[in-house]
Amino acid sequence: MALLLAMTAWWHSAQELPVVRIPTPKVPNPNAFDTFNAAAAQLLDTNKIMNAISNGHHSGVKDDRNYTWEEKQKLVSENAAALGLLRQGLNQEYANPPSRSFFTLMPYYAPFRATARLLALDASVREKQGDYAGAVRCDLDAIELGEKIPHGSTLIGGLVGSACQAIGRRPMWKSIDHLSAEQARTAASRLERIRQGQVPYAVTIQEEKWAGQAGLLEMLRHPGSIPAMMQQAGVNSAPASATLSSLSQLMFLVYSKQRIVNDYTKYMDAQIESAKRPYGATGPVAPPNDPLIAMVVTEFDRSRMILARNETQNGLMEISTALRAFRAEHGHYPNSLAELTPSILPALPADPFARGGSFGYRAIGDKYVLYSIGPDGKDDGGKAIDTGSSRRGNPNERYLVNEDSKGDVVAGKNVW
């Protein structure tokens with residue numbers, strides 16, 4: 001009898017949920033999130049917009065071809081209302097609705113990317129007209145859109161924001177050298193503000209932690225939702241779902257609800273601390289040996305590289321616009337990046353892939369090499385990452401930066 005009472009007490013203890021305080025952030029009013037959604041609702045012909053800026057590199061998509069300038073101009077004109085709302089939202093504070101369930105739908109991220117493509121298309125039209133300053137403003141609008149989206153977002157919002165910034169940056173490289181000194185200074189100043197407003201990776205992981213805690217608590221209150229969660233993660237067969245339904249309660253014989261939440265919290269706290277350190281300063285954080293947690297954690301190492309790559313590209317772009325301003329004013333490039341401060345830039349951006357210091361640079365006559373040491377953490381003197389091959393016939397993809405890339409991230413070449 002004593003053993004039965006002890007086992008009953010243990011079982012009830014295992015079923016108790018821990019107390020976890022998860023904040024509910026305040027949302028600004030007006031909120032740029034709502035304005036961007038309104039802009040997305042006004043979008044017309046989103047597939048055409050995507051294809052018009054892809055130059056025929058979206059294989060398998062209907063109407064994948066090179067669009068004429070007149071067709072691009074028509075698409076921009078048709079979407080004037082969406083562009084107006086987008087730019088209105090850029091002047092507002094942004095806060096993403098907090099995610100507090102694993103079943104929360106986020107249908108707005110794909111349309112946000114579509115609005116970034118519209119801005120890039122507007123830039124393309126202006127560039128064709130010779131309005132390089134206008135083109136750069138459109139590109140910067142897309143970059144700023146991408147900077148706003150991660151505010152209050154989980155990791156998926158950070159990645160979508162990074163994608164939007166890349167959409168704006170790629171065409172901007174072609175316009176920089178056409179800017180006047182004043183125009184280049186203005187672009188560099190705006191890039192500095194955007195970079196300063198970027199959500200730190202550790203803050204994004206903190207939001208991911210709160211979302212995960214809330215989702216776990218929701219699932220543990222209703223264990224029947226665990227099979228549905230597994231189906232959402234890719235386990236879709238009926239037999240597997242039935243088995244999971246039977247095992248979901250048995251799992252708590254080994255993994256109490258308190259242990260599951262506590263293990264997840266410790267794991268995410270370790271991820272947050274790792275995120276505060278320089279890229280490459282720590283190794284991967286091993287997840288707990290818990291089947292439920294394994295189901296909800298994401299690929300943090302890959303995501304961190306993508307966001308570090310985005311931050312690197314913004315820093316390279318900011319310095320490149322400052323170099324353009326310097327040359328337009330002095331007739332030559334500076335001997336060192338230090339000459340850009342404080343007259344053009346208040347300070348040099350740090351290289352996110354380095355343990356300290358800014359980017360590598362050297363002037364070569366009327367050209368220069370500007371670079372980050374890249375994910376491998378090795379200074380190769382500006383030798384660009386180059387896979388030697390490309391997919392879908394897109395030459396830029398041979399210079400794509402991945403976590404295992406060898407070489408340096410060179411401005412204007414590794415342009416993702």
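Modeller: Start with a definition. Helices here are DSSP runs of at least four residues, strands are DSSP runs of at least two, and both are numbered from the N terminus. The model is predicted. Serine 358 lies in the loop between α15 and β1.

Colleague: What does the chain have in helices and strands?

Modeller: The chain has 15 helices and three strands. Of its 416 residues, 49% are buried. Among contacts with a separation of 6 or more, 74% link residues 24 or more positions apart.

Colleague: Why is serine 358 called partly exposed?

Modeller: Buried means under 20% relative accessible area, and exposed means over 50%. Serine 358 has 25%, so the residue counts as partly exposed.

Colleague: Which residues does serine 358 touch, beyond those up to four places away in sequence?

Modeller: Serine 358 touches Ile319, Leu337, Leu348, Pro349, Ala350 and Asp351. Its C-alpha is also 9.9 Å from that of alanine 338, 20 residues away along the chain.

Colleague: Histidine 332 is in the loop between α15 and β1. What class does its accessibility give?

Modeller: Histidine 332 has 41% relative accessibility. That value falls between 20% and 50%, so histidine 332 is partly exposed. Not counting residues up to four places away, histidine 332 touches Phe326 and Arg327. Alanine 363 is 31 residues away in sequence, yet the two C-alpha atoms are 9.0 Å apart.

Colleague: What makes β1 and β2 a pair?

Modeller: Pairing needs at least two bridges. Strand β1, residues 360–364, and strand β2, residues 367–372, share five bridges, so they pair. The sense is antiparallel. One of the bridges joins glycine 360 to tyrosine 371 in β2. Alanine 363 stands opposite tyrosine 368 in β2.

Colleague: What lies between the two strands of this hairpin?

Modeller: Two residues lie between β1 and β2. In the turn, glycine 365 has a positive phi of about 65°.

Colleague: How do you know that β3 pairs with β2?

Modeller: The cut-off is at least two bridges. Two bridges join β2 to β3, residues 409–410, so the pair counts. These strands run antiparallel. Serine 372 has valine 409 in β3 as its bridge partner.

Colleague: Why do β1 and β3 count as edges?

Modeller: The order in the open sheet is β1-β2-β3. β1 and β3 each have a single partner strand, so one side of each has no neighbour in the sheet. Helix α15 packs on this sheet and touches β1, β2 and β3. The direction of α15 makes about 155° with that of β2.

Colleague: What makes a set of residues a nonpolar core?

Modeller: The residues must be buried, of the nonpolar kinds such as Leu or Met, and joined through side-chain atoms within 4.5 Å. The largest such core has 33 residues. Met172, Ile319, Leu323, Leu340 and Leu370 have the most contacts inside it. Helices α7, α9 and α15 each supply at least two residues of this core. The largest share, seven residues, comes from α15.

Colleague: What does methionine 172 contact, apart from neighbours within four places?

Modeller: Its contacts include Val136, Leu140, Ile143, Leu191, Met317 and Thr321. A second, separate core of 31 residues includes Tyr108, Ala120, Leu145 and Cys164.

Colleague: Why is cysteine 164 called buried?

Modeller: Its relative accessible area is 0%, which is under 20%, so cysteine 164 is buried. Cysteine 138, at 2%, is buried by that cut-off.

Colleague: How many disulfides are there?

Modeller: A disulfide requires two cysteine sulfur atoms within 2.5 Å. The count comes to zero.

Colleague: What marks aspartate 45 out?

Modeller: Aspartate 45 is not a glycine, but its phi is positive, about 55°. Most residues other than glycine have a negative phi, and most peptide bonds are trans. Aspartate 45 lies in the loop between α2 and α3.

Colleague: Which peptide bond at proline 30 is cis?

Modeller: The bond joining asparagine 29 and proline 30 is cis, with omega about 5°. The bond from threonine 341 to proline 342 is cis too, with omega near -5°.

Definitions and conventions: Residues numbered from 1 in each chain as written. Predicted model: local features only at pLDDT ≥ 70, side-chain atom pairs only at ≥ 80, totals over all residues. Heavy atoms only, no water. Buried < 20%, exposed > 50% of the residue type's maximum accessible area, 1.4 Å probe, protein only. Contact = heavy atoms within 4.5 Å. Axes fitted to C-alpha atoms, helices over the stretch in contact; angles between N-to-C directions.
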